[in-house]
Amino acid sequence: MSKQALNLEETVVENRLISFWRLLTGHRLLYLTAVIALGLAALAQTGIFYLLRYFVDTVLPSETLAVQLPWVALGFVGLALLQGGFTFTSGRLAAYAAEQIALEVRNYLYDHIQRLSFTYHDNQQTGELLQRATSDVEALRKLFAEQGVGIGRIVLMFAVNFVAIVAINGRLALYSIVIIPIVLIIAVYFFKKVGEVFDAFQEQEAVLSNRLQEHLTGIRVVKAFARQEYELERFEDDNYEKFRRGRRLSKMHAIFWPSTDVLTGLQMIAGFYIGAQMAIEGTITVGAFLAYAGFLGQIIWPIRNLGRLIADISTGDVAFTRIKQIMRETREPLAEQGTVVPGPDGLRGEVVFRHVDFAYDADTPVLHDIDFAVRPGQVVALLGGTGSGKTSLVGLLPRFYDYTGGSITLDGVELREYRRQELRQQIGIVMQEPFLFSGTVRDNIAYGAGRVVTQEEIVAAAKAAAVHDVIMSFPKGYDTVVGERGVTLSGGQKQRVTLARTLLINPRILILDDATSSVDTETEAEIRSALLTLMQNRTTFVIAHRIQTVMTADLILVLENGRIVQRGTHDDLVDKPGIYQQIYDLQARIEEELEEDLAAVDGYQNGYAMVGSR
Amino acid sequence: MVKKMSDHYYEEEEFTESFNGRTILRIFRHGWNHWPLMLGFIVGIGMVSLMESYMTYLTKRIIDEGIIPGDMTAVWSISLQYMLLFVLFAVFVYLFIMSAGTLGHRVQYDLRKQMFAHMQKLSLSYYDRTTTGWLMSRTMSDPTRVGDLVSWGFLDIMWAVMSIISAVGFMLWINWRLALVTLVVIPLLAVAAMQFEKHILREYRLVRKLNSMITSSYSEMINGVRVIKSLRREERNLGQFGELAGDMYQASYRAAWLSALFLPVVQLISAVGVTAVVWFSGREFQNGAVTIGGLQAFVSYITFMMWPIQELARVYATMQQAIASGERIFSLLDTKPTIVNAPGASDPGSLRGDILFDNITFQYEEGKPVLTDFTLEIKQGETVAIVGPTGAGKSTLVNLLCRFYEPSAGTVRFGGRDYRTMTLHSIHSRIGMVLQTPHLFSGTVLENLRYGRLDATDEEVVAAARLAGAHEFIIDLDEGYETQVGEGGVLLSVGQKQLISLARAVLAKPDVFIMDEATSSVDTLTEALIQQGMETLMDGRTSFVIAHRLSTIKNADRILVIENGGVSEMGTHAELIRQRGHYYNLYTKQFREEKAEAYGLELAPANGNDTNLSLAV
Ligand SMILES: Nc1ncnc2c1ncn2[C@@H]1O[C@H](COP(=O)(O)OP(=O)(O)OP(=O)(O)O)[C@@H](O)[C@H]1O
Ligand SMILES: Nc1ncnc2c1ncn2[C@@H]1O[C@H](COP(=O)(O)OP(=O)(O)OP(=O)(O)O)[C@@H](O)[C@H]1O
Ligand SMILES: [Mg+2]
Ligand SMILES: [Mg+2]
């Protein structure tokens, strides 16, 4: 049906004409036809005017009126049919080409944006991307649907009428178009000016779009702090600025239009004057002058509109430039050539970090000298303070970001040699902040599978994430629709659905980034025991803050300020003074207190002794 | 294959009435609010069209008075008049472009402002159902169409109508029988317009609807791009988006070519009119009912009329588009917020005092009650911890307290007073709530903190950050308090975001303080550090703490266990342990398991739960 993912990369060149021409790939013939058809329609209309004049001047007073009348009438209908036919052809073809281009650009942008790097998205505002993908694409579409085709009308009308004037008198013809260079110069000047002003306008629209987008995603915060007034003020500022810039844009047009009007008007008067002089001097006949007066109006119109067209094209040009800025960003290569693909059995899951350094931006290193090795199937726990770099560390494995120093090997091969696509297929990550898409619970769980999944598989994953019973308690079960970002689920429900989503893809390496932080202790225990089975034969990275979640790990890494400060198993670490011991003591103290509390409770002895005595 | 996700939920509302005159009227009224501008372009365009016809007359004079008698001075003087006229003409062109352009942008500005203001009043339940993309396209792109119609559209209509009326007037004056012949085309035009209207409007409604779906799709993709990448959804997303974009293509192409068909049809019909005149004029001329000069004028008026008629046809099509947009805008503006200030609601001045959940029943959706007959009294200054399994309704409870949602039965009383008699603002501004999902706005750390209290001094901000344990990491950041946090706070770690949102609420110095899992992603050492500060903060302030960690809740004055829509247990930590109910189980079971694990003991399988599955497929 639709041509998807057309590579628009090559359209991105500096020269705007070439860019537009390339954008027309595949529709060039159609578009040219549309351009010419509109010109022919304009000619047909001119024909109607001339036929009318001919009718009044010649046919009406003549003797043979009755004979000629049907022919003239037929001529009118014929010309009108031609005009209508050409108008329609042009409209339809131009619409086709413009909509096709819009379709291609939309698809391409969508794909392109989702393939840009994490770093790009970290620093980009959603509202602005949205504005460019919608409003700027719309302006580009308009350029092809409305402005581009106008060229045909202008050129053909100009050519025909110019030739007609040349036929009357060559010199007169030249005098009639002396204004063109001036109009062109002014048009080019305004092309720049209008472009600048329109750019500023679109820029402000992007600002407004950002403001709105952020406001909407943070609506709960706005309400929680009753900041509606404040938000209104801020929106008002941006909105008013947009109005101001819009007014400035109108002003540009309001200056440009009359200025070309005056110029072309002067040209017309000059034409009349010179023509009149020639007629009076006898260089041309009075009849010729009358004809010339008619043609002159028809030649001024295209000249005047050429200027407007040029100024209008600048808006499409600005819009396209803004789109090109996104297109120009390099995609995150998912399937580079000549890089390693994990074997058919997948990865074994041996991970070795050697002196790895990492920074999001060059001057603030986040990880220093990370050095550890994991054998296949082991469980690594990461523990550490807020902002110590745990999430950053695990984010290196699926190559969300690339490490800046040292080496990471996976099954003995440098991580950078792997193709991201297959790598990510083998690595399942439950992110710290659960994100769901609007849709049903079922769709969300199946979201990452990349194949048709059965209800049984979905249920199995949901059960492992201890969310099956909850889902079944909803009136619509797995068909329950979750709102945008999953707003209609509770925090813990969301988190468990994302867990189920990751478990379903059956990854070789499993990363759980604080995946049970919003889940109550009972449910967490349930999940943990389910995961125990699932983690067998899978290399697993667990980030958590609670000792009991990490204590069974084969390797515990304690991070502080981006460095590994302690490593070992629970038994190694619990007796060594250090962060781990501090955390342990803190939690143990609470437990001791609980133990005391329990001791105070009748009958407790039995319960605890039973376990303790084994 | 998974169905198109966007299909499921936000069923875009359908507008079915075929032609909504009220929508146009309403659009017009938005323009009329700035009647001087409207007047400006009416005068401007009126003068311009007058001058245009006068210019034709001047041309005639050049010929009659200059060329034919061979009088160069006459040519010169008329040309001079012509030039002066052009200068005047330019002034009026400036006037109408400036007023129409300004009006268009002004109406957009007004509509956006109104919509944004209205969005402030809409309740959270509305936002649960409505996507960001929907609201974005409503606020960003629809007003553009309406603004264009109010300015350029009305301008063109005005011009066309004025031209047509004057032409028809002259024609009637010259020869009314001939004029009536041409008027035959009017019903034809009306019928054609009505036929087209139905189809074009339908297509444009579809286009606007798809436009907002596409915006939603982009918006959701950009927001969820990290998940998409980690799950390698790119191909399939593109496939789904491609379908949507394909539908958009189909609909707008159809709309475009339908409009493109309308124009030639109008051209043909008007040519029929011309032909009719030509046909009948022969007879009229021979009867002597019209002079050749009259006929010439007649004919030139007809040709002159063809432009405005075509222009009307063009505007007519874009008007359909603007109507479709207007309908969507007004549907947003007409949405009644479910929670509003009751008549006579007032600001109580303070929320201090006992809080009573008075027999509350609440559900988000019919048939799925979250709380039933829930009653609870909280003393002023008490710290209440809320625990319970996930999805039990803890967040719901505090949402009700904040009046983000209203109970379907019962009410909440602050100091004995029904909170429905208070203004929403007075409640929201006195409750400090740390939300379960931390959200920051792009800007600096300082700006985000200050969101809690806009007039806080730097010292107060730092003090709040210290209290919330955020100060240490903030000063370690590149630019300290001036560090940019990125959209939604992406440039920070999740724990850091939580600490900042905690500090933000602390800064607000609320009467009632609510922490909904405010420190769930914060490490235990930091949390222990904060604990102290929080206790001073909560001292004397009614506070609600929702948490799963024992360490966070055990010092509360009272702990509530919420389960199955009500409070199942209540008491201090020690009391609840003694009760040996759910709470006891919740924490001792976990505790026993930990001990068991620590000593390497086997666990009895979790009862009745089939967790022994393999996901390998
Ligand atoms: N906006 C909403 N629309 C519809 N249903 C909702 C909405 N918010 C929550 N629910 C449902 O209401 C129930 C209670 O949710 P709530 O968020 O109050 O749970 P919670 O106790 O806070 O859980 P958690 O500990 O996981 O955060 C859940 O079943 C949830 O799916
Ligand atoms: N996308 C990013 N761009 C720039 N800096 C970042 C980004 N994400 C995190 N940081 C910074 O990197 C440091 C480490 O963050 P990281 O998210 O790895 O911490 P963490 O250990 O996971 O903390 P938490 O327990 O709070 O989740 C923090 O100082 C944070 O501000
Ligand atoms: Mg983290
Ligand atoms: Mg909750």
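This is a predicted model: local features need pLDDT of at least 70, side-chain atom pairs count only at pLDDT 80 or more; totals for chains, interfaces and linings use all residues.
Let's start with the overall layout of chain A. The chain splits into domain 1 (16-169 + 284-327), domain 2 (370-576) and domain 3 (579-614). If you take the centres over C-alpha atoms, domain 1 of chain A and domain 3 of chain A sit 83 Å apart.

Now find the sheet in chain A. Four strands make an open sheet, and reading across it you meet them in the order β2-β1-β4-β5, with antiparallel pairing. The edges belong to β2 (365-374) and β5 (413-414) of chain A; each has a single partner strand, so one side of each has no neighbour in the sheet. The partner to follow here is β1 (residues 351-359) of chain A, which pairs with β2(A) in the antiparallel sense through six bridges. For a landmark, look at A:V356, which stands opposite A:I370 in β2(A).

While you're there, have a look at the backbone. Most residues other than glycine have a negative phi. A:H355 is not a glycine, yet its phi is positive, at about 45°. This histidine lies in strand β1 of chain A, and it is partly exposed, with a relative accessible area of 47%. Over in strand β2 of chain A you'll find A:D369. A:D369 isn't a glycine either, and its phi is positive too, at about 50°. Its relative accessible area is 41%, so A:D369 counts as partly exposed.

Next, move to ligand 2, which lies between chains A and B. Its shell is made up of 22 residues, and the closest are A:T391, A:S392, A:Q432, B:S493 and B:G495. What kinds of residues make up the shell around ligand 2? They divide into seven nonpolar, 13 polar and two charged.

Zoom in and you can pick out some polar contacts. A polar side-chain atom of A:Q432 comes 2.7 Å from an oxygen atom of ligand 2. An oxygen atom of the ligand is also 2.8 Å from a backbone N or O atom of A:G387. On the nitrogen side, a nitrogen atom of ligand 2 lies 2.9 Å from an N or O atom in the side chain of A:D122. Altogether, the protein covers 90% of the 630 Å² of accessible area that ligand 2 has on its own.

Key: Residues are numbered from 1 along each chain as its sequence is written. Chains are lettered from A and ligands numbered from 1 in the order in which they are written. Side-chain values use heavy atoms; hydrogens and water are left out. A residue is near a molecule or strand if one of its heavy atoms lies within 4 Å of it. A polar contact is a pair of N or O atoms within 3.5 Å; within protein, one must be able to donate a hydrogen and the other to accept it, and residues adjacent in sequence count only if both atoms are side-chain atoms. Accessible areas come from the Shrake-Rupley method with a 1.4 Å probe; for residues, only the protein chains shown count as cover. Ala, Val, Leu, Ile, Met, Phe, Trp, Tyr, Cys and Pro count as nonpolar, Asp, Glu, Lys and Arg as charged, and the others, Gly among them, as polar. Domain bounds come from an automatic or database domain assignment. Two strands pair if DSSP finds at least two bridges between them. Helices (H or I, at least four residues) and strands (E, at least two) are DSSP runs, numbered from the N terminus. Buried means under 20% relative accessible area, exposed over 50%, partly exposed in between (1.4 Å probe, protein chains only).
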